[in-house]
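Open the model in your viewer and keep the selection panel to hand. The stops below follow one another as selections.

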Amino acid sequence: MKVNVNQIRAARGLLNWSQKDLAARSGISNISITHYESGKTTPHRETQDKIIQALELEGVVFTMHGVEMKTDTVTTIEGEGWYMRLLDDVYYSLMDKKDAELLILCADDAVSPPAVNNRYRKIRNAGIAMRQLVKEGNTYLMGPLKEYKYIPAKKFRNYVSLVYGDKVAICTDNNSKALIFKDAQLSETWRNIFDVLWDELSPPKESTADERF
């Protein structure tokens, strides 16, 4: 379905977002958003997709007749840069929240590209705590050692899941997209399971990473 500029403005209104807010959440420049909404430019399909996904992540649904807020709890992020957009959702969901924490299951710092590492830095610099469950024996650990615990190597798969705020994100389809469940009880359940594992697993003793957060 084609989304028009009036729907974009209406979606911002539903979320009480400024053009600056939309620019920050979509990764598009503020001036580009301004020109788009004023009719001065027509964005490329990729640019419009980023704008739409940023709005949909916050629960907006584009319909044949306008926009409304979704009633279900599941959102999909996919396409180029999907994991960076997921981390942006982590950042905006947790920023300015007291005792905010990101839990990461089954990630590997050694295979994270610079763009992902920069998102992690942004999250950390916002005062958001992080804990990760990683593969036993992995010493390429970019954060403080106290943030990591080891999963036995034979049980590890590099298939990432994130728990943050009232959301659980599960990366799927060969790590090409994420399903985000906005459900406070589900998030609490995953957080409790994570804590049980955390209390039982062993911590690493060293890091050989050539780059640190």
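Throughout this tour, contact or touching means heavy atoms within 4.5 Å. The model is predicted, so local features need pLDDT of at least 70 and side-chain atom pairs count only at pLDDT 80 or more, while totals for chains, interfaces and linings use all residues. Residues are numbered from 1 along each chain as its sequence is written, and side-chain values use heavy atoms, with hydrogens and water left out.

**Stop 1: Ile28**

Select Ile28, in the loop between H2 and H3. Helices (H or I, at least four residues) and strands (E, at least two) are DSSP runs, numbered from the N terminus. Not counting residues up to four places away in sequence, Ile28 touches Ala23, Ile33, Thr47, Lys50 and Ile51. Is Ile28 buried or exposed? Its relative accessible area is 11%, so Ile28 is buried; the cut-offs are under 20% for buried, over 50% for exposed and partly exposed in between, with a 1.4 Å probe and protein chains only.

**Stop 2: helix H1**

Now select H1, residues 5–15, and colour its buried residues, Gln7, Ile8, Ala11, Arg12 and Leu15. Seen down the helix axis, these buried residues fall within an arc of 140 degrees, so they line one face of H1. The arc is that of the directions from the helix axis to the C-beta atoms. An α-helix has 3.6 residues a turn, so residues three or four places apart point the same way. Show the packing partners of the buried H1 residues next: helices H2 (19–26), H3 (30–38) and H4 (45–57), with strands E1 (60–63) and E2 (66–69).

Move on to Asn16, in the loop between H1 and H2. Its phi is near 60 degrees, a positive value in a residue other than glycine. Asn16 is exposed, at 68% relative accessible area.

**Stop 3: helices H5 and H6**

Select H5 (residues 82–94) together with H6 (residues 114–125); they pack at an angle of about 0 degrees with axes 10 Å apart. Axes are lines fitted to C-alpha atoms, for helices over the stretch in contact, and angles run from 0 to 180 degrees between N-to-C directions. H5 and H6 are therefore roughly parallel, the term for angles under 35 degrees. On the H5 side, the contact residues include Tyr83, Leu87 and Tyr91; on the H6 side, they include Val116, Tyr120 and Ile123.

**Stop 4: the cores**

A nonpolar core is a set of buried Ala, Val, Leu, Ile, Met, Phe, Trp, Tyr and Cys residues joined through side-chain atoms within 4.5 Å. In the largest one, of 27 residues, those touching the most other members are Tyr83, Leu86, Leu102, Ile123, Leu162 and Tyr164. Elements giving two or more residues to this core are H5, E4 (101–105), H6, E7 (161–164), E8 (167–172) and E9 (177–182). H5 supplies the largest share, nine residues. A second, separate core has 16 residues, among them Ile8, Leu15, Tyr36 and Phe62.

**Stop 5: two loops**

Select Asp99, in the loop between H5 and E4. Asp99 is not a glycine, yet its phi is positive, about 55 degrees.

Finish at Ala107, in the loop between E4 and H6. At 5% relative accessibility, Ala107 counts as buried. Its contacts beyond four places in sequence are Gln132, Leu133, Val134, Phe156, Asn158 and Val160. Asn158 is 51 residues from Ala107 in sequence, and 5.7 Å away, C-alpha to C-alpha.

Notes. Angles under 35 degrees count as roughly parallel, over 145 as roughly antiparallel, 65 to 115 as roughly perpendicular and the rest as oblique.
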